[in-house]
Amino acid sequence: RLIREMKRNAEWALKLQRDALVAVFEEMEDPYLRTRKDDVDHVVNRIQRNLMNQEQLKHEVPDSHLNGYIVLADNLSPADTVMMQHHGIVAFATEYGGPTSHSAILARSLGIPSIVGLHRARRYIRDEDLIIVDGNSGVIIVEPDETSLAHYRGVQKEEKRFLARLSKTKDDQAITQDGIEVELHANIELPTDIAAVKKVGATGIGLYRTEFLYMNRDTSPDEEEHYETYTAMLKSLRGIPVTIRTLDLGGDKQSDEAVHPQNHEETNPALGLRGIRLCLKETSLFLPQLRAIIRASAHGPIKTMVPMVASYNEMQQVKVMIRRIQEDFTRQGIKFDPDMPLGTMIEVPAAALCADIFAQRLDFLSIGTNDLIQYTMAIDRINDEVNYLYDPLNRGVLRLIRMTLEAGAANDTPVSMCGEMAGDLYLVRFLLGLGLRRFSVHPASLLEVKDIINRSHIGKIKRLTNKAMKVPTRAGLEDIISQMNAM
Ligand code: PEP
Ligand code: MG
């Protein structure tokens with residue numbers, strides 16, 4: 001109204017409205033409420049800087065006033081979640097969101113305990129309450145008594161001891177009791193996650209989610225920045241291979257508008273312009289990354305993996321782009337690895353159904369169960385209302401996984417799994433039985449997965465897996481998996 005009727009510019013209008021709001025707070029008697037005017041100022045200043053196109057202030061990145069705090073929010077975007085490490089936030093809970101949302105995945109990666117989909121939590125919890133977040137069981141305890149505090153301190157200590165025990169196996173090979181070698185790679189979101197990768201002795205990075213390079217910033221990364229990021233990673237990894245997934249923006253992973261100006265609200269973002277669809281449309285976002293990956297391939301073992309592929313035609317277009325870049329580099333005398341493997345994620349049901357077509361023409365496949373489940377079950381993975389349908393053991397999902405593994409085996413094309421399902425300790429043996437030999441999991445669960453693999457006998461599991469795929473009821477299926485896990 002101030003802009004339209006009083007002809008103020010946006011910054012001035014914001015200032016006037018800020019003053020009006022702050023005046024209300026200043027009138028308040030309660031000293032605590034009075035100081036809440038700081039929150040108004042915080043938001044106003046941030047909008048003001050955006051309006052005036054000013055750079056992000058330093059204090060917006062690393063800020064210590066939240067150090068040791070637990071954040072409770074309606075929802076958090078992946079971009080918000082990434083910032084938590086800089087603020088020293090120790091845990092968070094959200095009222096909405098699903099456990100395989102990218103915010104939840106990031107939280108695991110950052111080692112931040114979290115709970116999502118905790119409806120009405122904010123009705124019962126107030127600022128400054130002391131709370132315990134038990135991310136393992138999805139429980140929040142508000143104002144715990146001494147007994148609960150002592151119990152959870154014990155749990156924390158026990159967990160540390162358990163992890164210390166496991167860390168002794170970091171250099172052990174992943175190999176089953178009947179001598180079958182399994183490849184155990186790690187998923188990362190940020191280059192800084194490499195420390196965690198080394199700590200658990202992963203033999204490769206099976207999924208590097210590069211879209212986080214595009215978040216919390218005003219400009220999109222250029223070719224040089226990509227190149228420097230990837231070569232620095234290779235240097236630090238010292239020969240450990242890395243699978244760089246090309247950017248998968250869209251869906252619940254949105255960048256700032258400045259990075260992708262055509263970015264507009266979609267009615268159904270999970271089914272919209274995401275991953276390779278966006279990359280093929282906005283080649284100015286995609287080409288710098290692709291060129292940098294190809295250049296970086298001269299410095300160490302890199303594989304390129306493309307997300308959200310629905311039809312082989314999309315991979316054909318990527319292949320043409322790669323070929324052109326390589327021809328360009330050859331002309332200019334720029335070095336690259338001409339044999340850099342190219343693969344695709346199998347995460348759209350149409351791709352799983354045609355896995356043979358992909359397996360015949362590509363160097364590797366990787367099953368992205370987070371999306372494969374979402375798209376097979378026709379649910380949005382961040383919508384907690386339908387999260388009960390998010391089921392890795394649904395027969396439709398299992399059949400698509402098996403089809404993909406069989407297509408890989410028939411064509412001698414390696415198939416890995418890099419969705420959260422691969423790191424689900426309850427399902428490791430079942431996946432081994434289905435034929436999975438390449439797991440890419442979060443570093444935090446890698447050693448536990450290895451422990452299970454090294455205690456498994458595939459010959460024995462296989463018989464039960466075949467039975468499980470035929471059993472008519474869901475209860476029967478779970479029963480067989482439990483038998484398998486008890487062996
Ligand atoms: C997946 O979909 O399983 C996957 C690994 O990719 P993301 O979680 O980033 O969508
Ligand atoms: Mg995915």
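Modeller: The lining of the largest cavity draws at least two residues from each of β6 (183–188), β9 (302–306), β11 (364–367), β12 (415–417) and β13 (438–441), where strands (E, at least two residues) and helices (H or I, at least four residues) are DSSP runs numbered from the N terminus. β13 gives the largest share of that lining, three residues. This is a predicted model, in which local features need pLDDT of at least 70 and side-chain atom pairs count only at pLDDT 80 or more, while totals for chains, interfaces and linings use all residues. Residues are numbered from 1 along each chain as its sequence is written, chains are lettered from A and ligands numbered from 1 in the order in which they are written, and side-chain values use heavy atoms, with hydrogens and water left out.

A cavity here is a set of points, on a 1 Å grid over the protein atoms alone, where a 1.4 Å probe fits but cannot get out, and its lining residues have an atom within 4 Å of a point. By class, six of the lining residues are nonpolar, five polar and three charged (Ala, Val, Leu, Ile, Met, Phe, Trp, Tyr, Cys and Pro count as nonpolar, Asp, Glu, Lys and Arg as charged, and the others, Gly among them, as polar).

The second largest cavity has a volume of about 70 Å³, and of the 15 residues that line it, R209, R245, E347, N370 and D371 are the closest to its centre. β7 and α15 are the elements that give two or more residues to this lining, whose classes are three nonpolar, four polar and eight charged.

The second largest cavity is also the space taken by ligand 1 (more than half of a molecule's atoms must lie within 2 Å of the grid points). Around ligand 1 stand 17 residues, the closest being H102, R209, N370, D371 and R381, with a heavy atom within 4 Å as the criterion. In this shell α5 (102–110), β7 (205–209) and α15 (369–376) each supply at least two residues, and α15 has the largest share, three residues.

Conventions: On a 1 Å grid over the protein atoms alone, a cavity is a set of points where a 1.4 Å probe fits but cannot get out, and a pocket is an open set with protein on both sides within 12 Å along at least five of seven lines; lining residues have an atom within 4 Å of a point. Grid points are joined across faces, edges and corners, and a volume is the space filled by probe spheres set on the points.
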